[in-house]
Amino acid sequence: MKIGIGNDHVAVELKNIIKEHLEQQGHEVVDFGTNSTERFDYPISGYAVGKAVASGDVDLGVLICGTGVGISLAANKVHGIRACVCSEPYSAKLSREHNNTNIIAFGARVVGPELAKMIVDEWLGAEFQGGRHQRRIDMIAEIEETQNLSTDR
């Protein structure tokens with residue numbers, strides 16, 4: 001699988017750990033982040049990973065900033081992106097199974113390296129369940145397309 005990864009200056013060390021972890025599993029990792037601890041604005045890499053996932057240049061994305069929140073907000077502005085911030089593996093797994101997330105985000109100031117690996121592994125190991133969940137994904141897509149939600153359901 002081809003995975004895009006992005007980060008800001010706070011998350012350089014954790015990004016490199018996760019990147020190596022993914023490569024050891026046989027994934028191709030495309031780095032859209034910074035390798036400098038000099039100030040770097042997270043929207044730049046959040047947007048870059050979001051665009052790469054939305055265009056199909058990569059299959060999925062991993063984003064890391066201080067909390068995971070800001071960088072995921074930037075990615076979620078890209079049409080077709082469903083990025084989720086997760087600080088533990090269970091939510092990561094369910095975000096794929098129920099919400100068909102295509103980007104996972106977490107915070108370098110929130111989770112340590114081993115927990116981050118577990119979050120990524122659970123997320124990658126999960127599959128979208130479809131069914132009743134597809135209806136809700138379709139509703140989210142409707143909001144994205146029209147900025148409106150038909151309540152005639």
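In the predicted model described here, the unreviewed UniProt entry assigns the feature "binding site" to Asp-8, His-9, Gly-66, Thr-67, Gly-68, Val-69, Gly-70, Asn-99, Arg-109, Arg-132 and Arg-136. UniProt positions follow the numbering used here, feature names are shortened, and annotations may be inferred rather than shown by experiment. These positions cover 129 residues of sequence and are spread in space as well, with up to 39.6 Å between C-alpha atoms. From this set, Asn-99 belongs to the lining of the largest pocket. A pocket is taken, on a 1 Å grid over the protein atoms alone, as an open set of points where a 1.4 Å probe fits, with protein on both sides within 12 Å along at least five of seven lines, and lining residues have an atom within 4 Å of a point. Val-69 lies in helix 3 (residues 69-76).

The unreviewed entry also lists Cys-65 and His-98 under "active site". The two span 34 residues in sequence and their C-alpha atoms are 24.4 Å apart, so they do not gather at one spot. Cys-65 is part of strand 3 (residues 60-65). Helices (H or I, at least four residues) and strands (E, at least two) are DSSP runs numbered from the N terminus.

As for the conventions, residues are numbered from 1 along each chain as its sequence is written, and side-chain values use heavy atoms, without hydrogens and water. Because the model is predicted, local features need pLDDT of at least 70 and side-chain atom pairs count only at pLDDT 80 or more, while totals for chains, interfaces and linings use all residues.

Now to the helix packing. Two packed helices are described by the angle between their axes and the distance between the axes. Axes are lines fitted to C-alpha atoms, for helices over the stretch in contact, and angles run from 0 to 180 degrees between N-to-C directions. Helix 1 (residues 12-24) and helix 5 (residues 113-125) have axes that come within 10 Å and cross at roughly 45 degrees. The pair is therefore oblique; angles under 35 degrees count as roughly parallel, over 145 as roughly antiparallel, 65 to 115 as roughly perpendicular and the rest as oblique. Their crossing is right-handed, meaning that the near helix is turned clockwise from the far one by less than a right angle. In contact (heavy atoms within 4.5 Å), Leu-14, Ile-17, Ile-18, His-21 and Leu-22 of helix 1 meet Pro-113, Ala-116, Lys-117, Val-120, Asp-121 and Leu-124 of helix 5. These residues comprise eight nonpolar, one polar and two charged, where Ala, Val, Leu, Ile, Met, Phe, Trp, Tyr, Cys and Pro count as nonpolar, Asp, Glu, Lys and Arg as charged, and the others, Gly among them, as polar.

Helix 5 also packs against helix 4 (residues 89-99), at about 20 degrees with axes 8 Å apart, which makes the two roughly parallel. Pro-89, Ala-92, Lys-93, Ser-95 and Arg-96 of helix 4 touch Leu-115, Met-118, Ile-119, Glu-122 and Trp-123 of helix 5.

Helix 2 (residues 42-55) and helix 3 pack at about 45 degrees, their axes 7 Å apart. Their contact includes Gly-70 of helix 3, and has six nonpolar, three polar and no charged residues.
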